[in-house]
Amino acid sequence: MKKIIAILFLLVLSYGIYLSINSIPFGVSKTKVGNYYNLNGVKDTGANNIVTAVVLNYRGFDTLGEVTVLFLAVLGFSTILFTMKKKKSDNMPTPPSLILSIGCKFLFPFVLLFGIYIFIHGHLSPGGGFQGGAVIASAFLLFYLVKPSEKSSKKSFQLIESLSGMAFIVIGILGLVFGNYFLSNFLPKGIAGKLISAGIIPLIYIFIGIKVGSELTGIIDRLMGKNNEKQVK
Amino acid sequence: MVYYIGAFGLIIIGLYVLMVKRNLIKMIIGISLINTGLNLFLISVGFIKLGTAPIFSKPGLNPKIMVDPLPQAMVLTAIVISVATLAMALALAIRLYEHHGTLDMGKIKDQKW
Amino acid sequence: MIYFTIILISIMLLCGIIAAISKDLLFAVIAAGMASFITAILFVFLQAPDVAMAEASIGAALVTALFVLALKKTKRSE
Amino acid sequence: MIINILLIIAFGGAFLVYLAGKISGKLRNILSIIISLVILTLIVMLQGKEIEVNYFHFFNFPLMFRINVLSWFFALLISFLTTLSLIFSLNYMKGKENLDFYYLMLLLVNASMLAIVLSGDLLSFYIFWETMSWSTFLLISYNKGKAINAALKYIIMSIAGSLAMLLAIILIYIKFQSFDILFISTHINMSSQNFAILIFLLLSIGFGVKSAIVPLHAWLPDAHAEAPSPFSAILSGILIKMGIYGFLLLFYVILGLKILLSLNIWGIKLNYIFALLGAISVLVPSMIAIFQTDAKRVLAWSSIGQIGYIAIGITIGSSIGTAGGLFHLFSHTIFKALLFFSIAAVEYRTGTRDLNKLGGLMKKMPIVFIGCLISVLGLIGIPLTNGFVSKWLIYKALFLNQNYFLLFIALISTWAAILYGFKILHHIFLGQLSQEHIKVKKAPLGMQIPIMILSFLVLLFGIFPGLALKTINKLIVNIGFKSLSVNLFGIVSETGPLNIINIFAGLMAILLLIIIVFKLGKKKTNIKQDDNYAAGSYIPIDKYHFTSNFYAPLFGIIKPLLIDHIDNFYLWVANRIRSLSDKVRKIYCGNVNVYVIYIIGFAALLIILKIGLKLW
Amino acid sequence: MNPVYLIIIPLLSAFSIPLFGLISKKLVKFIPPLAMLFNAVYAILLIPQILKKPIVVLMGGYSLPFGINLFVGPLGIIFTGVIAIIGFIVSFYAINYIKEGDKEKYHMLYLLLLTGATGAVLTGDIFNLFVFCEILCISSFALVADLGDKRSIESSVKYLIQGSVGSGFMLLGIGLLYGQFGTLNMAHLAQIITEKYGAAQSIPIDLFIPFVFVIIGFGIEGSIFPLNAWLPDAHSSAPSTISAVLSGLAIEIGLYAIIRFVFTIFGITSILPALAILGLITLVIGEITAFAQANIKRMLAYSSIGQLGLIFFAISIGTSEAITGGLFQFLTHAFSKALLFLSVGYMIYRTKSMEISSFKGIGKKMPFASLAFLIGSFSLVGLPLFMGFSSKFIIVKSAILKNSTLFNILIMVVLLCTIIEGAYFFKVIQTIYFKKSNNIEIKKAPATAVIAFFILIIIIIGLGIYPNEVFKILQCGATELLDKSQYIRSVLG
């Protein structure tokens with residue numbers, strides 16, 4: 001019964017969407033704002049990667065909101081799981097097989113390095129704080145697979161997150177102080193293509209990279225449930 | 001045009017799962033499908049035929065035929081938001097399982113009227 | 001080129017349907033992960049490398065990891 | 001300027017009393033008496049003055065107070081009755097808890113009634129009308145138990161009424177761009193006929209609820225029975241009259257006599273319909289009052305009846321009728337308050353007010369008995385009491401106006417008034433004294449003073465009606481009727497004067513005759529009350545009590561009439577709403593899938609409406 | 001006097017809470033009141049400047065349609081001021097109401113919730129509005145699940161699923177709008193829409209579909225009739241301070257977004273009667289379901305739905321006075337509902353149960369809390385001398401001024417619902433004051449709570465007696481909404 005109603009409503013919805021799609025031709029440039037970014041993105045922000053320029057400079061306020069959302073997610077995640085009682089049948093995690101432990105131990109530094117590379121070169125090559133942080137998190141995921149009982153102190157993760165979040169806002173305020181606009185790019189833009197160029201973008205992306213990395217690792221760490229004995233109230 | 005069909009197909013499947021399936025984890029999968037479909041739709045709105053990626057990796061790139069960077073900025077944010085919602089949903093699912101012993105939303109109905 | 005994308009999109013929709021229907025949650029999670037991975041590939045075709053990396057690393061890898069870990073704590077089957 | 005001071009004292013005094021109550025009970029009692037006396041003197045000083053003062057701007061609407069003869073007449077009644085009831089409640093409420101709240105609310109009700117009567121524009125009228133209703137609500141639910149449902153019924157009906165009034169006030173504002181009553185009354189003839197009818201209907205709902213005209217009277221019996229007695233004296237003494245004041249305002253100040261008489265729906269004149277409603281609300285409640293066992297319920301139903309009288313008097317539209325209505329309002333306030341005070345005194349001493357259990361208190365509480373006797377005489381309308389004067393005026397007006405049907409109904413309900421008047425008197429004071437009331441003491445002095453004052457007033461205005469009629473005459477002229485020639489003893493009018501002197505002389509003659517016959521008769525032997533025999537055997541004392549269900553045969557006849565259909569209708573509506581809300585809340589059924597279906601369904605609905613019906 | 005601080009300071013203090021937490025656990029609970037006090041004072045100081053000319057703040061110094069801008073107009077400053085004042089009072093109340101559980105996380109989430117609300121109200125960019133609404137939603141998911149007992153987890157899950165469907169629709173609507181008009185800035189979007197569809201009587205289909213998705217996305221956040229199934233569960237199982245903020249502010253943000261889209265961006269006024277009917281259905285359903293509730297917080301949640309329906313109905317009447325009345329009703333509802341939830345908070349805390357029957361005779365033992373409840377319910381029902389009367393008065397007046405038969409009937413229904421609302425509120429007052437109490441010991445509400453009640457009571461009675469000042473500010477807010485071209489001119493210059 002519910003299935004039929006659901007399918008009916010979805011049909012009507014898809015017909016509505018089909019109607020509105022007609023006015024959005026595929027592949028034709030529809031934007032009035034996008035070309036401006038492409039044309040003088042490099043000139044304004046000094047970053048080769050226009051997407052990073054848009055993400056951090058033109059629409060930097062969105063990314064500030066974005067960072068708060070992630071910060072919120074970790075907060076909510078820990079409040080909900082904070083009061084979890086230790087499950088009695090938490091079977092001892094099977095010891096990792098030889099290949100897994102050797103492989104992980106070998107791969108961990110390289111994946112970590114790759115993640116750091118991504119968010120340092122955010123303004124030059126594709127990639128940035130979020131992608132770099134995710135790669136770091138997957139590096140730590142590998143690390144946890146190998147040593148499930150590893151105790152990583154949550155307090156340190158929380159501090160890193162809040163510190164890097166505050167750093168982002170402080171850079172914004174500095175922009176307000178120097179360039180009399182919040183989040184304005186007050187540092188010298190340097191030569192496009194060089195590593196130290198594009199003003200505040202690399203700085204912010206480094207902080208975001210660290211923040212996203214620590215946050216996603218925190219989530220995975222809590223979910224692994226290794227050390228939730230400490231949380232038991 | 002195919003991308004739109006793909007994107008909205010995913011969204012419709014996600015909505016169908018949300019409406020019909022009773023298991024909470026299956027619903028969360030539905031939500032993640034919706035988000036993926038949405039991101040695909042946003043990017044395919046900003047695509048220009050025969051356009052190049054909006055990055056000046058090589059010096060001689062013509063900015064006029066570059067793809068529109070704005071939807072890509074939006075999608076970056078949307079992906080992270082969907083991860084955030086997903087993490088919260090999974091945490092709640094775990095606590096719900098701990099409280100109710102089951103994840104069947106059909107049976108968890110004491111918050112009504 | 002165009003046929004390749006059609007095939008990819010149809011596989012993606014297929015993965016979506018499998019994720020929707022299958023009883024075994026782990027299989028559904030992997031199918032959803034597969035769908036988002038194919039989306040990452042499509043993003044590359046749509047000239048959006050940044051988003052492709054983000055979707056691949058977050059959407060495919062981490063979300064699936066989260067789901068698997070969550071499944072470990074709750075019940076596997078429907 | 002005096003009006004501002006008056007109202008500041010009234011409202012400020014209420015809160016002052018509450019604070020004083022926190023310090024000490026005695027201080028609070030004295031302070032409340034002083035405040036009510038100050039208000040009374042201020043109002044007496046305001047006699048005959050026509051002041052208009054603009055005291056506040058609410059959303060740039062000027063709010064103003066205005067005093068004229070009409071408002072002065074009501075203000076005097078309000079403050080006088082509140083002073084008496086305060087004196088009365090000093091003793092009556094001695095033992096009870098949270099008295100600060102009681103005195104605060106009593107003075108607040110008094111202050112808001114004064115403000116209603118003195119308010120010059122409809123908005124401040126409405127504001128103080130609402131403050132009166134919510135403070136009355138808090139006061140009615142004062143003694144817990146059944147009073148809670150009574151208060152809830154009261155507040156719901158009064159909110160419904162005042163919302164209808166709010167609608168009318170806003171319609172008036174939109175038509176005339178001002179709330180000032182005088183401004184409206186001068187420009188009323190600009191508006192169309194059905195606008196006047198709409199205003200008439202809406203405002204009469206609002207005032208009808210407060211003055212308990214028949215279809216809207218359901219709250220009054222419970223509210224009066226359950227409210228604390230001194231407050232139920234105010235409630236039926238003056239608070240219902242606020243509705244009548246509203247009607248006076250509506251009929252004669254806003255609409256004016258000429259328009260009022262011209263208003264008709266499909267040919268039937270509106271004021272005739274209203275008079276009919278008044279007649280029904282005289283007849284049916286009086287009948288119901290006969291068969292009540294709780295003393296205060298009898299009084300409550302009789303209040304509805306007497307209000308019906310006043311309504312008939314006012315809506316006839318002739319100067320004598322209105323004078324009769326106003327005089328009846330005046331006299332009803334006095335003798336109904338007297339009746340409530342005496343019942344309260346009885347209840348204070350004996351603890352119960354169930355008529356079947358009381359009896360024979362005549363010797364125990366003589367002053368209360370005299371007070372009750374005089375008030376019942378006034379209620380019935382025996383000559384030499386103020387009830388007689390007002391009934392005479394109303395009957396003359398009905399007679400002159402040739403609507404004999406109303407005259408007939410008024411007479412029947414006077415007959416019913418006699419029945420339940422005598423029932424109260426007999427059940428409480430005459431008959432046998434039941435055992436547990438043997439050691440009942442006299443009513444305390446604090447209660448006897450108001451009873452004495454009021455019974456004196458009943459007789460005073462009975463014998464010299466001219467005192468009140470002079471101000472009422474001025475009042476009628478103010479409203480727009482032609483004045484009556486009034487002298488100290490009654491009204492000189494071409495079709496048979498009302499002159500108390502010759503009635504007084506006639507009564508004296510009859511009294512003399514009775515005494516002579518009595519004297520000539522054979523020696524009287526006095527028999528003690530409790531040594532009478534039946535069929536030769538001595539009746540033990542506890543068998544004496546035979547005054548239970550009094551008018552049994554009459555009860556058989558009009559039993560179908562007594563089922564209060566209107567009350568049942570309100571209960572039916574309340575149950576309908578409760579079952580509806582039980583069904584409606586099932587919408588939120590707790591299942592997330594269904595909630596998501598609601599969301600997508602709403603989206604589909606919007607799309608269908610757009611594509612299918614091209615709505616937007 | 002740059003309004004950006006209204007968003008940055010709360011955000012900065014939220015991030016700094018873990019650092020302060022290191023120094024001393026007790027210091028943490030004083031940060032939210034301070035941040036909100038700063039916001040309130042700053043907003044009030046900005047009002048005179050804004051009444052003259054709305055401020056447009058560019059983010060990062062990039063010219064308009066390309067960067068993000070904050071549009072701080074009279075409407076925005078009213079909402080920010082109310083959010084800040086109520087946020088301050090509630091956080092002041094929460095100083096010793098929130099004892100158990102991880103206080104640090106609670107205060108961080110609370111501050112971020114208010115930042116999300118302030119940001120959503122001030123921003124001039126639709127995607128930024130989406131991001132701030134997301135912050136609002138996620139923090140309220142976490143706060144609803146804060147107590148961690150069976151009931152709050154369940155309602156938080158249901159709220160999350162519906163919230164994420166809502167955010168999915170929001171994003172879809174924004175994507176479609178971007179696909180058609182190519183820009184994300186509200187003023188630029190409004191300009192393009194008027195150029196393209198200015199003259200059209202009925203709304204063109206491809207403008208209507210994104211409008212539908214936007215209405216549903218923000219409607220779920222703003223709890224319109226079919227979309228508000230999450231609200232009763234969420235508000236009744238959240239801690240009282242959170243349900244006070246949620247029903248006082250959070251649902252109004254969703255409503256603000258819808259109004260902004262309907263009036264400023266799309267400028268379609270032909271749909272207003274339909275929205276008025278929708279608002280009315282929400283009012284009727286809210287009031288009727290509230291009538292038959294035994295649990296006090298569920299009753300207040302349903303009455304929030306009802307009041308919100310009234311605000312939506314008032315605003316969608318469309319005349320400038322009606323919108324002022326609607327905004328005033330928003331103020332009334334925000335303050336009185338906060339007062340009601342806060343007073344109920346301590347009653348539940350002392351009697352350990354949410355059933356109304358367990359509140360018998362609390363009037364004697366907790367005089368201030370019950371007095372606060374009394375004044376809050378009187379002002380919600382709209383009795384004179386309180387705020388509710390002045391706002392309801394304007395709404396009824398402006399509805400009748402429209403003198404179309406449809407609105408006359410609708411206003412009748414509104415008045416009937418006020419009667420039902422009065423009925424269930426007075427029933428609770430009677431159980432509190434006039435029923436014998438069974439349990440013996442109930443302590444009084446502590447000092448911080450009494451001060452919070454006191455401030456709210458002063459505001460309610462003050463605005464009830466002298467509403468002219470606030471009325472003028474609200475009128476500028478209404479004109480800002482109605483006058484679309486003036487909004488575009490002041491933003492794009």
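**Notes on a predicted five-chain neighbourhood**

1. Chain C and chain E make no contact, and their nearest C-alpha atoms lie 15 Å apart. Please keep in mind while reading that this is a predicted model. Chain C and chain D likewise have no contact joining them, with their closest C-alpha atoms 15 Å apart.

2. A few words on chain C itself. It has three helices and zero strands, and along the sequence the pattern reads α-α-α. Its C-alpha trace spans about 40 × 25 × 10 Å along the principal axes. Of the 78 residues in chain C, 53% are buried. If you look at its contacts between residues at least 6 apart in sequence, 49% of them join residues at least 24 apart.

3. Which chains make the most contacts? Among the eight pairs of chains that touch, that is chains A and E. Chain E puts 45 residues into this contact, and chain A puts in 45 residues. On the side of chain E, the elements that give two or more residues are helix H1 (5-23), helix H4 (103-122), helix H5 (126-144), helix H6 (150-181) and helix H8 (205-222). H5(E) gives the most to that side, with ten residues. Sorted by class, the side of chain E that touches chain A holds 28 nonpolar, twelve polar and five charged residues.

4. Buried in H1(A) are A:Ala6, A:Phe9, A:Leu13, A:Gly16, A:Ile17, A:Ser20 and A:Ile21. These residues sit on the same side of H1(A) because they cover an arc of only 135° around the axis. As background, an α-helix has 3.6 residues a turn, so residues three or four places apart point the same way. The exposed residues A:Ile4 and A:Leu11 are on the face of H1(A) turned away from the buried side.

5. What covers the buried residues of H1(A)? The cover includes H1 of chain B, helix H23 (592-613) of chain D, and H6 and H8 of chain E. H6(E) and H8(E) are also among the elements that give two or more residues to the side of chain E touching chain A.

6. H1(B) is mostly covered, with 15 of its 19 residues buried.

7. Within chain D, take a look at helix H14 (residues 366-380) and helix H17 (residues 445-463). They pack at an angle of about 35°, and their axes are 9 Å apart. The crossing of H14(D) and H17(D) is left-handed. From H14(D), the contact uses D:Ile367, D:Val368, D:Ile370, D:Gly371, D:Ile374, D:Ser375 and D:Gly378. From H17(D) come D:Gln448, D:Ile451, D:Met452, D:Leu454, D:Ser455, D:Val458 and D:Leu459. By class, this contact has nine nonpolar and five polar residues, and no charged ones.

8. Two backbone points in chain E may interest you. Most residues other than glycine have a negative phi. E:Ser223, however, has a positive phi near 45°, and it lies in the loop between H8 and helix H9 (230-237) of chain E. Is E:Ser223 buried or exposed? It counts as buried because 29 C-beta neighbours fall inside 10 Å, where the cut-off is 20 or more. E:Leu385 is not a glycine either, and its phi is positive at about 65°. E:Leu385 belongs to the loop between helix H15 (367-381) and helix H16 (387-401) of chain E. With 19 C-beta neighbours inside 10 Å, E:Leu385 counts as partly exposed.

9. E:Ile465 and E:Met387 are 78 residues apart in sequence, yet 7.5 Å apart in space from C-alpha to C-alpha.

Technical notes:
Residues numbered from 1 in each chain as written. Chains lettered and ligands numbered in written order. Predicted model: local features only at pLDDT ≥ 70, side-chain atom pairs only at ≥ 80, totals over all residues. Axes fitted to C-alpha atoms, helices over the stretch in contact; angles between N-to-C directions. Helix = DSSP H or I, 4+ residues; strand = E, 2+ residues; numbered from the N terminus. Left-handed = near helix turned anticlockwise from the far one by under 90°. Contact = placed C-beta atoms within 7 Å. Nonpolar A, V, L, I, M, F, W, Y, C, P; charged D, E, K, R; others polar. Buried ≥ 20, exposed ≤ 12 C-beta atoms within 10 Å, placed from the backbone. Arc of directions from axis to C-beta.
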